[in-house]
Amino acid sequence: MKPVRIPDMTVTLAGIPLRNPVMTASGTFGYGEEFAGYVDLESIGAMVTKGLSLKPRAGNPTPRIVETPGGMLNAIGLQNVGIEAFVTKKVPYLRGIDTPVIANFFGNTIDEYAEMAMRLDEIPEVAGLEVNISCPNVKHGGIVFGTDPGSAASVVTACRAATRKPLMVKLSPNVTDVVVMAKACEDAGADALSLINTLTGMAIDLVRRRPVLANITGGFSGPAIKPIALRMVWQVAKAVKVPIVGIGGIMNAVDALEFMLAGATAIQVGTASFINPGASQKIAEDMQEWLVEHDIDDVKTLIGALET
Amino acid sequence: MQFTSLIISNIEVSPGYWRMRMTAPQDFASAEPGQFVMVRVTGAIDPLLRRPFGIFDVGTYLPAQSGAVAQPYLEMLYRVVGKGTALLSTLHETDLLDLLGPLGKGFDLGTPGEEKLIVGGGVGLAPLYLLAKELVKNSKVRLFAGGRTRDDILCITEFERLGVECYTATEDGSLGECGLVTEALWRRLDQLQGGASVYACGPHGMLNAVAGIAAARGIPCQVSLEGYMACGVGACLGCVAPGHSHSQETPDFRCVCTEGPVFDAGELKWRD
């Protein structure tokens, strides 16, 4: 019998070494601590925080969440503790965890984005930054910058000048051509691109003749969006040189590995963590098992290895 | 904790309302009244999200055969309202479910000896049975149960067996008084000698009224809220409720799943 070789699961994302390609998606994993009872936080590749802003944000009125077949809509509205409370209340816990922390952040203006990048740059526990230019649920910040290549480039240029840490930009799928957005961000200095954020959607209560969400529209996520996400990752991977983080409906190891074939260096687990708080760890373990079964000794060999 | 549970029984106790008993881990016996579980009703992706249910009861079940090992169980009382609960009602004994729990912050049992007034609307009775079971150990307990019709008044016999004095009110008068259960609560408070505290779970309008009554009488009141939630562990921020000082400028949203579902009524913002 052939001895089982333990496959190499490590990848490097814009200079950040990850023990495996599994990250947690912003807004689905709190600030890490919430999941400590369900996940060994040192078993996953990286954690991405809830989107942070200069000031705490209240978020949208309720209902903020509704389930749809194979997915869910959310319109949280970027509720977060703000950067001050992040530093004083959340970072001390993260300091003790040997897993890279990526801070997701946003601003209402380009100056606010740059100030956030500068503030996050000063926090040693933050390994990298993820710029959110793609939240569909707020009027200012987020999607305003994420649907116009010129605005996106301005945000990325300003953030690039404000930090030396790896800078990743999270792209919106709510555009005609995601490749145009991806190239604009790459040219402006992004070290990596993560995609996709949620798709704008809505749900209606027929009897009440009203939208279900207080915000009327919300961001659609979950397994139902995976084919769209895979297609976009594949398109962007062919067009840019920077590494890509695949996001969108990843529920299991097979989904995750498909994203790697399409060109992702790492992946983020989002909605799946709501259903199974231990999903990220399980996916990382199952990916390794899949590689063993298929006699693949390095997960990196799958990146962009799709045969067309 | 996350665990797999085996259904022991699943019975329709009133039209549209079901009571499910299922196995629980040993530690579950220490669940607090008011805590809840998140149940995955299917392994498939539709319905996708877990469903939150109040814990109706916990106990130990001893199978009839000799030498059998005592098995801790939990019970849920639920109403069929949509796809998830409809699916749940089709399950049978020995079917398996994936659960998270016990989750959230439960009821504070208050001062022993003082009268306890429990107010439940419809399926809002679900987390109040375990509460009553604890409270009767030290206090006189009265239950005020309300609903639209008599079909919405659940498990009153179980409460009576605990020694709880029960008052019922229905909007159509088909059981107990005709009208709102809060009227019966007012009357009892008028007769009250000495301290008391109020516990409530039910539709938001009822909680709003109960919180107002308790505040007017200066009586401590705890309410258990419902919320649309995806995760149950404080991450999705879907289930928040506005705290008493909440405004757009000074946000004060509380997570129903981790800071609740039980709150002191004074912590929350109510309609006047």
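So, to start: what radius of gyration would a compact globule with 272 residues have, and what does chain B have? The globule would come out near 19 Å, and chain B has 18 Å, which agrees. That radius is taken over C-alpha atoms, and the globule rule is 2.2 Å times the number of residues to the power 0.38.

Quick housekeeping. This is a predicted model, so local features need pLDDT of at least 70 and side-chain atom pairs count only at pLDDT 80 or more, while totals for chains, interfaces and linings use all residues. Residues are numbered from 1 along each chain as its sequence is written, and chains are lettered from A, ligands numbered from 1, in the order in which they are written.

Staying with chain B for a moment: along its principal axes the C-alpha trace spans about 50 × 50 × 35 Å. Chain B has five helices and 16 strands; these are DSSP runs, H or I of at least four residues for helices and E of at least two for strands, numbered from the N terminus. Of its 272 residues, 49% count as buried, and buried here is 20 or more other C-beta atoms within 10 Å of a residue's own, exposed is 12 or fewer, partly exposed is in between, with C-beta atoms placed from the backbone.

Chain B also has cis peptide bonds to look at. One runs from Asp46(B) to Pro47(B), with omega near 0 degrees, and Pro47(B) lies in the loop between strand 3 and strand 4 of chain B. Another goes from Gly260(B) to Pro261(B), omega near 10 degrees, in the loop between strand 15 and strand 16 of chain B.

Now, how do the chains meet? 29 residues of chain A are in contact with 22 residues of chain B, contact being C-beta atoms, placed from the backbone, within 7 Å. On the chain A side, strand 5, strand 6 and helix 8 each give two or more residues. That side divides into 15 nonpolar, ten polar and four charged residues; Ala, Val, Leu, Ile, Met, Phe, Trp, Tyr, Cys and Pro count as nonpolar, Asp, Glu, Lys and Arg as charged, and the others, Gly among them, as polar.

Strand 11 is joined to strand 14 by four bridges, and Leu199(A) has Phe220(A) as its bridge partner in strand 14.

On to helix 5 of chain A, residues 178-187. Its buried residues, including Met181(A) and Cys185(A), pack against helix 4, strand 9, strand 10 and helix 6 of chain A.

Last, two non-glycine residues with positive phi. Leu78(A), at about 60 degrees, sits in the loop between strand 6 and helix 1 of chain A. Arg209(A), near 55 degrees, is in the loop between strand 12 and strand 13 of chain A. Buried or exposed? Leu78(A) counts as buried because it has 22 C-beta neighbours inside 10 Å, whereas Arg209(A) has 7, so it counts as exposed.

Note on methods
Two residues are in contact if their C-beta atoms, placed from the backbone, lie within 7 Å. Two strands pair if DSSP finds at least two bridges between them.
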